Amino acid sequence: MASEPPVLPDGDVGRRWAEEELAKADYQRPTARWLEEGWQRILDWFGQLEGPSAPSSPVALALIVAAGVVIILAAVVLVRPRLNARRKAQKEMYDAGTSESAAGYRQRAAAAAAAGNLRAAVVDQFRALVKAAEEDEVIDARAGRTADEAAAELGLAYPLFAARLRHVAALFDSVLYGLSGAAPDDYAAVSDLDEDLRKEVALRAEPEQLAAPGAQAPL
């Protein structure tokens, strides 16, 4: 059975496709000026489809569609790496250039909560939780770590807390990057988990302290 010819858009549909793609803000970059010019040419070609000199040959129409596809692919190849880099930067846990300690983040979280700024309290309390794990060498200190990555790494170290870690990481992202509101229960979830992990670290350290030379066993 002979294959059916490809479906080609008419002038209105083709122009609408091109206009919708061109309107995406991610492609409006000074470094991609030539892409905008290419889009405009595609728009001009689609505009000619309605005039008396419109190309009637299926081959001509196919070439126009193919040109549009090439422009779209070029835009995606050039823009996507920058978008991914920007999104990753937006997802990083710590503000650029900051070197706050876990205790410092806890103080900031407590002050924000007392002032009624629960969004900031949730964010800084989660940062305190992760920074404490870095300071205690539970996980390596690493720039660019996201909340999800921190939760996954801590979940391996503390399997019993893995579900709670994923929950507070999702809270962190939704509050900081999703611009969601925060409730007292959200702040309590993060601060309670932070306290529970501190207790867990202390419990794990006790056998090491008792095994140290000169250590005395409790009476």
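Biologist: Which residues does Arg145 touch, leaving out those up to four places away in sequence?

Modeller: Arg145 touches Glu92, Met93, Glu134, Ile139, Asp140, Ala150 and Glu153. Contact here means heavy atoms within 4.5 Å. This is a predicted model, so local features need pLDDT of at least 70 and side-chain atom pairs count only at pLDDT 80 or more, while totals for chains, interfaces and linings use all residues. Residues are numbered from 1 along each chain as its sequence is written, and side-chain values use heavy atoms, with hydrogens and water left out.

Biologist: Where does Arg145 lie?

Modeller: In the loop between α5 and α6 (147–157). Helices are DSSP runs of H or I with at least four residues, strands are E runs of at least two, and both are numbered from the N terminus.

Biologist: Is Arg145 buried or exposed?

Modeller: Arg145 is buried, because its relative accessible area is 3%. Buried means under 20% relative accessible area, exposed means over 50%, and partly exposed lies in between (1.4 Å probe, protein chains only).

Biologist: What polar contact does the side chain of Arg145 make with Glu134?

Modeller: Their side chains are joined at 2.8 Å. The side chain of Arg145 also reaches the backbone oxygen of Asp140, at 2.6 Å. A polar contact is a pair of N or O atoms within 3.5 Å; within protein, one must be able to donate a hydrogen and the other to accept it, and residues adjacent in sequence count only if both atoms are side-chain atoms.

Biologist: And Asp140, buried or exposed?

Modeller: Asp140 is exposed, with a relative accessible area of 63%. Asp140 lies in the loop between α5 and α6. Not counting residues up to four places away in sequence, Asp140 touches Glu134 and Arg145.

Biologist: Switching to salt bridges. How many are there?

Modeller: The count comes to 12. The rule asks for a side-chain nitrogen of Lys or Arg within 4 Å of a carboxyl oxygen of Asp or Glu. One of them joins Glu149 and Arg142, at 3.7 Å from N to O. Glu149 is partly exposed at 29% relative accessible area, and Arg142 is partly exposed at 36%.

Biologist: What about Glu200 and Arg204?

Modeller: Their side chains meet in a salt bridge, 3.2 Å from N to O. They are separated by about one helical turn, because they sit 4 residues apart in helix α8 (residues 184–211). Elsewhere, salt bridges that share partners join Lys131, Glu134, Arg142, Arg145, Glu149 and Glu153 into one network.

Biologist: Which salt bridge does Asp124 make?

Modeller: Asp124 meets Arg127, at 3.5 Å from N to O. Both lie in helix α5, 3 residues apart, about one turn of the helix.

Biologist: Why do residues three or four places apart point the same way in an α-helix?

Modeller: Because an α-helix has 3.6 residues a turn.

Biologist: What does α5 look like overall?

Modeller: Helix α5 (residues 118–135) has 18 residues and reaches 25 Å from first C-alpha to last, close to the 26 Å expected at 1.5 Å a residue. That expected span is 1.5 Å times one less than the number of residues. Helix α5 is mostly covered, with 15 of its 18 residues buried. Glu137 follows α5 and has a positive phi, near 60 degrees.

Biologist: How many aromatic pairs does the structure hold?

Modeller: There are 3. In one of them, the ring centres of Phe126 and Phe172 are 5.0 Å apart and the planes are at 35 degrees, so the pair is tilted. Rings of Phe, Tyr and Trp (its six-membered ring) pair if their centres lie within 6.5 Å; planes under 30 degrees apart count as stacked, over 60 as edge-to-face and the rest as tilted.

Biologist: Which helices does that pair link?

Modeller: Phe126 is in helix α5 and Phe172 is in helix α7 (residues 162–176), 46 residues apart. Both are buried. Phe172 also pairs edge-to-face with Tyr177, at 6.3 Å centre to centre and 75 degrees between the planes. Phe126, Phe172 and Tyr177 form one aromatic cluster.

Biologist: Last one. How many helices and strands in the chain?

Modeller: 8 helices and 0 strands. Buried residues make up 32% of the 219 residues.
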